[in-house]
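Subject: Structure handover

Hello,

Here is the structure I promised to pass on. Please look it over first, then read my notes below.

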Amino acid sequence: MTGPGTVLELNDLDLLLDFVSDPARATRLRRIGYALDGVELLARERARLLAGMERRWVTAYERAHARYGRGLTPVRGRVCQGCFVTLPTSAAPLPGESQLHQCESCGRLLLWG
Ligand SMILES: [Zn+2]
């Protein structure tokens with residue numbers, strides 16, 4: 001079963017990939033001495049994470065990532081930090097539950113804090 005940990009890892013990887021894929025940022029990073037030669041490894045790790053996820057979460061994550069630039073968003077006080085909709089109490093995971101949830105309003109996967 002796909003847990004929030006995998007999606008969090010995927011989200012972090014995408015942040016990194018977005019960052020190094022921006023030509024202006026990449027140029028700036030190279031100028032200050034960063035060697036950006038690990039991009040292929042990041043992309044491979046991304047594919048590996050996606051391959052281990054359930055199809056429906058891959059679809060939901062990729063759709064939100066393409067649309068908003070992020071596929072995962074934190075929840076604070078039952079408010080989705082992606083679209084600022086207050087989520088119903090029933091949307092919250094049960095204590096100890098590691099099942100993923102998706103915002104019914106914006107479709108981002110939710111990271112309950
Ligand atoms: Zn939302």
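The protein has four helices and four strands. Helices are DSSP runs of H or I with at least four residues, strands are runs of E with at least two, and both are numbered from the N terminus. Along the sequence, the order is α-α-α-α-β-β-β-β.

Two notes on the source. This is a predicted model: local features need pLDDT of at least 70, side-chain atom pairs count only at pLDDT 80 or more, and totals for chains, interfaces and linings use all residues. Residues are numbered from 1 along each chain as its sequence is written, and side-chain values use heavy atoms, without hydrogens and water.

Now the overall picture. The C-alpha atoms fill a box of roughly 50 × 30 × 25 Å along the principal axes. Of the 113 residues, 35% are buried (under 20% relative accessible area, 1.4 Å probe, protein chains only). Take contacts (heavy atoms within 4.5 Å) between residues at least 6 apart in sequence: 60% of them join residues at least 24 apart.

The axes of α1 (residues 4-21) and α3 (residues 39-51) come within 10 Å and cross at roughly 150 degrees. The axes are lines fitted to C-alpha atoms over the stretch in contact, with angles from 0 to 180 degrees between N-to-C directions. The two helices are therefore roughly antiparallel (angles over 145 degrees). On the α1 side, the contact includes L10, L13 and L17; on the α3 side, L42, A43 and L49 are among the residues involved.

Best wishes

Key. Parallel < 35°, antiparallel > 145°, perpendicular 65-115°, else oblique. Buried < 20%, exposed > 50% of the residue type's maximum accessible area, 1.4 Å probe, protein only.
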